[in-house]
Amino acid sequence: MNIENFIFEAIFDEQQQYRVFYELMWKQFTESGFVITDEAGYEIDCVFKAVALQNIVGEFVYRLYDSVNETGLEDVIDYLSKLGIYEDDIKEYMTNVPDALCSAEDFEADVKTMLDYWTELAAEKMLDEFSADDLFDLMFTATYDFEQDFTFDFEDTDEFRAFVDANTDKLDLYKAEFPAVMNWVEQGMVC
């Protein structure tokens, strides 16, 4: 199975409203070399990074709308099992990422530690690639129900970016309305 297709079909399409944002970030991550989707053995890495991206958006939604934020721990294990990757392979992968500080004593705790590790790195990468203002605008546009003010249905990332660019004044008002969320973005989006 093509890992990139799996990421988009199984993980990113789960929340259809956020799909275009995930596509934009994943494309940027791929271009910058943060995700490698065409080499054997990188499936586990890609799944962790895709769920890390979901975690960041989930934390944004939690902070903006006070909704429940899932950790994604069970999702990582479930997605990997759909790829035919199980506990032994995941453990081997985790022991090969020394900076993640997995203990190899508690599988679920290690998966959570690994997911936290990749979530933090994904947030850093997002801030390397985009300004905090741009990230707020992009995440807000992806998560907000604009039906009251705008037509909300983006065909692709170009249309999504054009919408954000054309509505910067309106989005600046939302930034002013949610200063704590903007501060969270500026401070590194730590979940």
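Author: Cys46 counts as buried because its relative accessibility is 0%; buried means under 20% relative accessible area, exposed over 50%, and partly exposed in between, with a 1.4 Å probe and protein chains only. Cys102 has a relative accessible area of 23% and is therefore partly exposed. The model is predicted: local features need pLDDT of at least 70, side-chain atom pairs count only at pLDDT 80 or more, and totals for chains, interfaces and linings use all residues. Residues are numbered from 1 along each chain as its sequence is written, and side-chain values use heavy atoms, with hydrogens and water left out.

A search of the whole structure for disulfides finds 0, a disulfide being a pair of cysteine sulfur atoms within 2.5 Å. For Cys46, the nearest cysteine sulfur is that of Cys102, 17 Å away, and Cys46 is in no disulfide.

Phe140 is also buried, because its relative accessible area is 0%. Phe140 belongs to helix α7, residues 132–143; helices are DSSP runs of H or I with at least four residues, numbered from the N terminus.

On the exposed side is Glu70, so classed because its relative accessibility is 55%. Glu70 sits in the loop between α3 (43–65) and α4 (73–82).

Definitions and conventions
Helices (H or I, at least four residues) and strands (E, at least two) are DSSP runs, numbered from the N terminus.
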